[in-house]
Amino acid sequence: MIFANVVRFIKQSERTLRSKRIGLTVYDYPRALLSSTVEMSKPKVLITRPDIPVAGLNLLRKRYHLIIWDEPRPIPRNELYIKIHGVDAVFCVLTDKIDDMILEHAGPQLKVVATMSVGVDHLDIVNLKKRNIKIGYTPDVLTDSTAELIIALLLTTSRHVLHANLAIFKGEWTSWSPTWMCGTALARKTIGIVGLGRIGLRVAEILKSFKVSKILYTSRTVKPEASKFDGEKVDFSVLLKNSDFIIVTVALTPQTRYMFNAWAFSQMKNSAIFINASRGDVVDQTALIDALKNVTIAAAGLDVTSPEPLPLENELLHLDNCVILPHLGSATTETREEMAQITAKNIIAVLDEEPEKMPAEYVTVNS
C-alpha cells in the first residue's frame with residue numbers, strides 16, 4: 001500500500017514537472033521573441049566607445065537599440081565601416097574619422113552624427129550636409145576646463161615645473177641655488193592668442209589677473225568681448241613678432257593646417273614660449289622641433305600632437321624645452337559627463353523629430 005502511494009506520488013510529480021516545462025516552453029518563448037523584436041524595432045545608435053560616461057549612455061539605453069564598440073580604444077576603421085551600416089544615429093569621438101565612404105555605407109536612414117567634442121575636423125562636414133544629416137557637437141561645456149588646462153600647461157612650461165619635479169628623482173636637487181630652474185614670469189609680458197573663440201576668450205580673462213602688459217589676438221573679426229581685457233586685434237605676423245607667450249586656440253581648417261611652420265617660428269622672439277591646445281595639425285612638427293633645438297624659440301607646451309599618441313622615439317619627447325600632455329584639455333569628470341549628456345541629447349532631439357531642440361547643432365565654423 002505504501003509502495004503504491006509512493007509510485008502514485010512520483011507519477012503525479014512527473015506530470016506536474018512536465019506540464020510546467022511545457023508551460024515554460026509554450027508561454028516564455030513568444031515573450032522572449034516579442035522582447036527581442038521590440039528591441040530590434042527601436043532606432044539603432046552606434047556608440048564608438050564602451051567607456052562613454054554613463055550619464056550619457058543612460059539617456060539612450062531605454063530609448064534605442066545600442067550598438068557599442070566593446071574595446072576602450074579607437075574603433076578600427078573596418079569595424080566602424082561594418083557597424084555603421086543601417087544605424088539611425090552615431091555617437092562618436094574625435095578619433096573617429098567619419099568621411100564620405102563611411103557615410104555611403106551607413107545608408108540613407110542615418111539622421112544624425114553627434115560627436116563628443118568641440119572640434120569637428122574628423123567629420124566630413126560637406127558630405128554630412130549634402131546628405132541632410134544633422135551634426136551635433138559640444139562647444140560650450142568644455143570652455144572652462146580647457147582654459148584651466150592651458151593656464152596649467154603655460155605655467156608648467158614657463159616655470160619648468162615638470163623638469164624641476166623630475167630633477168628631484170634624479171638626485172639633482174642638492175641645495176637651494178639662486179639661478180637653478182628659474183623660469184619666465186607672466187607679469188608685464190605680452191600675450192598673443194591665435195583664434196579668439198570661446199576658449200581663447202576665457203584664457204585671456206584668466207591671464208588678465210596675472211598683470212600681463214598686453215593681450216594681442218587674431219580673429220576674422222574684431223571681438224567686442226575683448227574689451228574686458230583690453231585685447232587688441234592684430235595681424236598674424238604682428239602677433240608673432242611681439243608676443244612673449246603665444247597660445248593657439250584656433251580651429252583646425254584647411255586655412256589653419258600647418259600655419260605654424262618654419263616661417264612662423266622664425267618670426268617669434270627667441271625668448272617666446274609657444275602653447276598649443278587646439279589641434280596637432282595646426283603645427284608643422286618638424287619645423288617646431290628645429291625651432292626648439294636651435295633655440296629659435298625658448299620652449300613649447302603641447303596638449304595636442306600629430307599623431308596622438310606620439311611614438312616614443314619622436315624627438316619632441318626628448319627635448320628638455322618641450323612639455324607634452326596627452327590631450328587633457330577637457331579632462332575633468334564634470335566636463336566629460338556633461339559632454340556625454342549633450343551628445344546624447346543631440347541624438348534624442350533628432351530621432352524624436354525635434355531637431356530644433358538639439359542642445360548644440362553644428363552649423364558654421366567658429367573662430
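This report looks at salt bridges and helix contacts in the structure above.

The model is predicted, so local features need a pLDDT of at least 70 and side-chain atom pairs count only at pLDDT 80 or more, while totals for chains, interfaces and linings use all residues. Residues are numbered from 1 along each chain as its sequence is written, and side-chain values use heavy atoms, with hydrogens and water left out.

**Salt bridges**

Let us start with charged partners. A salt bridge here is a side-chain nitrogen of Lys or Arg within 4 Å of a carboxyl oxygen of Asp or Glu. Searching the whole structure turns up 18 salt bridges. Three of them are set out in the table.

| Salt bridge | N to O distance |
|---|---|
| Arg77 and Asp99 | 2.7 Å |
| Arg131 and Asp100 | 2.8 Å |
| Arg202 and Glu205 | 3.1 Å |

The side chains of Arg77 and Asp99 are joined by a salt bridge. Arg77 sits in helix H3 (residues 77–83), whereas Asp99 sits in the loop between strand S3 (89–92) and helix H4 (100–106), so this pair ties together parts that are 22 residues apart in sequence. Arg77 is partly exposed at 35% relative accessible area, but Asp99 is buried at 16%.

A salt bridge also links the side chains of Arg131 and Asp100. Arg131 belongs to the loop between helix H5 (125–130) and strand S5 (134–136), and Asp100 belongs to helix H4, so the two tie together parts that are 31 residues apart in sequence. Both residues count as partly exposed, Arg131 with 32% relative accessibility and Asp100 with 29%.

Arg202 is partly exposed at 30%, and Glu205 is partly exposed at 27%. Through shared partners, salt bridges join Asp144, Arg202, Glu205 and Lys228 into one network.

**Helix contacts**

Now for how helices pack. Axes are lines fitted to C-alpha atoms, for helices over the stretch in contact, with angles from 0 to 180 degrees between N-to-C directions. Angles under 35 degrees count as roughly parallel, over 145 as roughly antiparallel, 65 to 115 as roughly perpendicular, and the rest as oblique. A crossing is left-handed if the near helix is turned anticlockwise from the far one by less than a right angle, and right-handed if clockwise.

The axes of helix H2 (residues 54–61) and helix H12 (residues 333–351) come within 7 Å and cross at roughly 20 degrees, so these helices are roughly parallel to each other. Their crossing is right-handed. In contact terms (heavy atoms within 4.5 Å), residues of H2 including Leu59 and Leu60 meet residues of H12 including Ala344 and Ile348.

For helix H6 (residues 143–158) and H8, the axes come within 9 Å and cross at roughly 55 degrees, so H6 and H8 are oblique to each other. H6 also passes H8 in a right-handed crossing. Among the contact residues are Asp144 and Ile150 of H6, and Arg202 and Val203 of H8.

Terms used:
Helices (H or I, at least four residues) and strands (E, at least two) are DSSP runs, numbered from the N terminus. Buried means under 20% relative accessible area, exposed over 50%, partly exposed in between (1.4 Å probe, protein chains only).
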